[in-house]
Amino acid sequence: MLRAAILDDYQNVALELADWSAVAKDVEITVFNKPFAGPDEAIEALQGFTIVVGMRERTPFPRKVIEALPGLKLLITTGAKNNSFDLKAAAERGVTVCGTGAVGSPTTGIVFGLILELTRRIGFENARMKAGEPWQVTLGRDLEGLTLGVVGLGKLGQRSAAVAKAFGMKTIAWSQNLTPEKAAEGGADYVSKEDLFRQADVITIHLVLSERSRGLIGAAELGLMKKSAYLINTARGPIVDERALIAALQSRTIAGAGLDVFDVEPLPLAHPFRKMDNVAITPHLGYVSEQNYRKYFPDIVADIRAWLDGKPVRVIGAP
């Protein structure tokens with residue numbers, strides 16, 4: 001019987017959210033609930049597994065890891081692509097790489113959850129009330145009339161622009177390839193990068209991490225922001241220069257930040273973000289929704305069954 005590993009199932013729900021009977025007679029499944037400390041621990045733990053299922057980019061599979069797993073033949077990622085998988089190395093080692101579908105736009109909820117926490121302090125006041133603290137200390141800001149700056153007006157950016165409109169916000173947008181016509185179609189006014197950072201009351205990032213976007217937002221951009229403005233990052237941590245952001249938050253040259261993604265994940269316990277009162281943080285929950293998971297895991301079962309039958313589906317990379 002082949003061995004399959006399901007990685008980073010933090011909520012321990014993988015076996016509950018799909019019917020695994022289609023592969024149960026052929027595959028012995030082991031679930032890993034906690035993240036590996038690094039590639040060496042992953043290599044040691046995954047020896048002898050023919051099939052490995054990754055949850056997005058939680059456990060990267062660079063060449064070093066793939067080449068150290070001689071038994072690996074099928075590598076699956078949730079979602080349609082995974083920039084932390086070395087597809088060339090997988091192909092050279094005879095490893096088939098498959099993906100899954102996804103549903104909805106769960107990241108949008110996290111975006112506005114972070115915005116509302118920063119502007120209305122809902123979680124902060126909830127904690128105070130449950131701790132028996134004195135009644136009401138927050139003077140919040142209403143979103144109506146504020147300007148949302150969207151960096152990257154793709155599918156997720158457009159969804160955020162639509163929600164902002166429902167809140168009565170004005171929406172402006174910029175990205176390297178955006179045009180005024182595309183911005184208008186996406187529900188936003190096109191502005192230059194500099195004007196977006198100068199004008200927005202809240203900036204939300206919706207770019208794919210690439211060499212072009214890595215470090216795109218640094219000290220210069222943060223320095224253009226209003227002292228009352230907030231930065232929201234639910235895309236990828238390295239798009240923002242972390243040191244520059246920490247400096248801006250510590251000096252309070254911007255009002256605050258809402259962060260769901262970080263340079264290093266899980267976020268180290270001693271990280272400054274964990275102690276700042278002008279930062280709202282969540283543990284990369286953007287895609288973590290019940291509806292999305294109910295799509296991921298049945299697709300994983302189907303991927304495994306199809307590969308066992310010699311007819312792989314949703315192939316991202318093949319030997």
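## A buried aspartate and its partner

D303 is buried, with a relative accessible area of 0% (buried means under 20% relative accessible area, exposed over 50%, and partly exposed in between, using a 1.4 Å probe and protein chains only). The side chain of D303 meets that of R314 in a salt bridge, 3.0 Å from N to O (a salt bridge is a side-chain nitrogen of Lys or Arg within 4 Å of a carboxyl oxygen of Asp or Glu). R314 sits in the loop between helix 12 (290-308) and strand 13 (315-317), while D303 is in helix 12, so the pair ties together parts that are 11 residues apart in sequence. Helices (H or I, at least four residues) and strands (E, at least two) are DSSP runs, numbered from the N terminus.

R314 counts as partly exposed, at 35% relative accessibility.

## What you're looking at

This is a predicted model, where local features need pLDDT of at least 70 and side-chain atom pairs count only at pLDDT 80 or more, while totals for chains, interfaces and linings use all residues. Residues are numbered from 1 along each chain as its sequence is written, and side-chain values use heavy atoms, with hydrogens and water left out.

## More charged pairs

Side chains of opposite charge can pair when their charged atoms come close. How many salt bridges does the count come to? It comes to 17.

One of them joins R128 and E125, at 2.9 Å from N to O. Both residues lie in helix 6 (residues 122-130), three residues apart, or about one turn of the helix. R128 counts as buried at 11% relative accessibility, and E125 counts as buried at 13%.

Then there's K226 with D201, whose side chains meet in a salt bridge of 2.9 Å, N to O. K226 is in the loop between helix 10 (219-224) and strand 10 (230-233), and D201 is in the loop between helix 9 (193-199) and strand 9 (202-205), so this pair ties together parts that are 25 residues apart in sequence. K226 is partly exposed, at 29% relative accessible area, whereas D201 is buried, at 6%.

## Past strand 13

Now for P319, which lies in the segment after strand 13. Is P319 buried or exposed? At 59% relative accessibility, P319 counts as exposed.

Which residues does P319 touch, leaving aside its neighbours within four places in sequence? P319 is in contact with A91, G94, V95 and T96 (contact means heavy atoms within 4.5 Å). P319 and T96 are 223 residues apart along the chain, and their C-alpha atoms are separated by 6.1 Å.
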